[in-house]
Amino acid sequence: PVHVWKNRKLDTRVIQGIRHMEQNIREIEISNSSLARKGGMSVNAYARLFKYQTGFSPRKYLSRMRIEKACNLLHHSELSIEQIAAACGFTDRYYFTRVFSQTMLTSPGAYRKNSVLGS
């Protein structure tokens, strides 16, 4: 998100973690321990640094990143909900729909319909 990058110099370990998330967004399991290892830190220290720098825990940041990608795919592709869920690293359509609906306050299908109508 733009607000994370604006007026802030992020620690290189946090940037490495964010890049790892972006490059591996399709992977279902991106753990805090794997991110901490990449940063050469303990899991708790990395999670505290990440949250301090971004305002989100690594898990919440990844979830938001996945939903943002899903919104983009729903708006700009003909992929099915199942395909979008897989492309964004969700285990299945039902879990994806639940997380998407909680975050966006609408279902993926309704989001797609409304974004097409708004275009």
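Student: Which helix supplies the largest share of the lining of the largest pocket?

Tutor: A pocket is found on a 1 Å grid over the protein atoms alone, as an open set of points where a 1.4 Å probe fits, with protein on both sides within 12 Å along at least five of seven lines; lining residues have an atom within 4 Å of a point. Helices are DSSP runs (H or I, at least four residues), numbered from the N terminus. Here α5 gives the largest share of the lining, seven residues. Both α5 (58-76) and α7 (93-104) supply at least two lining residues each.

The model is predicted: local features need pLDDT of at least 70 and side-chain atom pairs pLDDT 80 or more, whereas totals for chains, interfaces and linings use all residues. Residues are numbered from 1 along each chain as its sequence is written, and side-chain values use heavy atoms, with hydrogens and water left out.

Student: How many residues line the largest pocket, and which lie nearest its centre?

Tutor: The lining has 14 residues, with Arg-59, Ser-63, Phe-90, Tyr-95 and Val-99 nearest the centre. The space in this pocket is about 290 Å³, a volume being the space filled by probe spheres set on the grid points, which are joined across faces, edges and corners.

Student: What is the count of salt bridges?

Tutor: The count comes to three. Arg-93 and Glu-82 form one of them, with the closest N and O atoms 3.0 Å apart. Another joins Arg-13 to Asp-11, at 2.9 Å between the closest N and O atoms.

Student: Is Gln-53 buried or exposed?

Tutor: Buried means under 20% relative accessible area, exposed over 50%, and partly exposed in between (1.4 Å probe, protein chains only). Gln-53 has a relative accessible area of 11% and is therefore buried. Gln-53 belongs to helix α4 (residues 43-54).

Key:
Salt bridge = Lys/Arg side-chain N within 4 Å of Asp/Glu carboxyl O.
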